[in-house]
Amino acid sequence: MKVLVSACLLGVSCRYDGQSKSYPLMEELCRRHQVVPVCPEQLGGLPTPRVPAERQGDRVVTKTGVDVTAQYRRGAEEVLRLAQKLGCTAAVLKERSPSCGSGQIYDGTFTGTLTDGFGAAAQLLRAHGIRVMGESELADFLAEN
């Protein structure tokens, strides 16, 4: 199976703070499936590092008040394009991210408060029938696949 994966979970230093968030079960995922690393923010044209951003309704805004919705939308569209071209049927994305978050994201107040919702890329992938999960769901996915 071909699986999209947030590049930061694979150890790529592409997060807003220039860091990665390596996740231990990724090695097992890479052994058993074809993995396609993606960073929607970079694909949308944003630099690394970058000012933190959060979703505020349909918009994505940085902590300094800059609207980066267009870049997040472009990144989501590029991730979808890759998924469709390569035949990816699932995605393991970084939880709580304004682009990759699945089920819960930060609420847009930059206070660390979580709310139900999806990041821009996760939402678009789901709308096109791709199974989206956060890294905490990877063990269950590996048990099934």
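1. How are H3 and H4 oriented to each other: parallel, perpendicular or oblique? Keep that in mind while looking at the model, which is predicted. Two packed helices are described by the angle between their axes and the distance between the axes. Here the axes of H3 and H4 come within 8 Å. They cross at roughly 40°. Angles under 35 degrees count as roughly parallel, and 65 to 115 as roughly perpendicular. H3 and H4 are therefore oblique to each other. Their crossing is right-handed.

2. Which residues make this contact? From H3 come Tyr72, Ala76, Glu77, Val79, Leu80 and Ala83. From H4 come Ala120, Ala121, Leu124 and Leu125. Of the H4 residues, Ala120, Ala121 and Leu125 are among those that are buried. Ala122 of H4 is buried as well.

3. Now take H3 by itself. Helix H3 runs over residues 69-86 and has 18 residues. From first C-alpha to last, H3 reaches 26 Å. That is close to the 26 Å expected at 1.5 Å a residue.

4. Which residues of H3 are buried? They are Thr69, Tyr72, Gly75, Ala76, Val79, Leu80 and Ala83. These residues lie on the same side of H3, because they cover an arc of only 135° around the axis. The face turned away from that buried side carries Gln84 and Lys85, which are exposed.

5. What do the buried residues of H3 pack against? Four strands are on the list: E1 (2-6), E2 (34-38), E3 (53-56) and E4 (59-62). Helix H2 (40-43) and helix H4 (120-127) are on it too.

6. Look next at what follows each of the two helices. After H3 comes Gly87, with a positive phi near 75°. After H4 comes Gly129, with a positive phi near 80°.

7. Some backbone angles deserve a check. Most residues other than glycine have a negative phi, and most peptide bonds are trans. Arg96 is not a glycine, yet its phi is positive, about 75°. Arg96 sits in the loop between strand E5 (90-93) and strand E6 (102-106). Its relative accessible area is 30%, so Arg96 is partly exposed.

8. Phe110 also has a positive phi, near 60°, and is a residue other than glycine. Find Phe110 in the loop between E6 and strand E7 (114-118). Phe110 counts as partly exposed because its relative accessibility is 22%; buried would require under 20%.

9. Is the peptide bond from Thr48 to Pro49 cis or trans? The bond is cis, with omega near -5°. Pro49 lies in the loop between H2 and E3.

Definitions and conventions
Residues are numbered from 1 along each chain as its sequence is written. This is a predicted model: local features need pLDDT of at least 70, side-chain atom pairs count only at pLDDT 80 or more; totals for chains, interfaces and linings use all residues. Side-chain values use heavy atoms; hydrogens and water are left out. The expected span of a helix is 1.5 Å times one less than its number of residues. Buried means under 20% relative accessible area, exposed over 50%, partly exposed in between (1.4 Å probe, protein chains only). The arc is that of the directions from the helix axis to the C-beta atoms. Contact means heavy atoms within 4.5 Å. Axes are lines fitted to C-alpha atoms, for helices over the stretch in contact, and angles run from 0 to 180 degrees between N-to-C directions. Angles under 35 degrees count as roughly parallel, over 145 as roughly antiparallel, 65 to 115 as roughly perpendicular and the rest as oblique. A crossing is left-handed if the near helix is turned anticlockwise from the far one by less than a right angle, and right-handed if clockwise.
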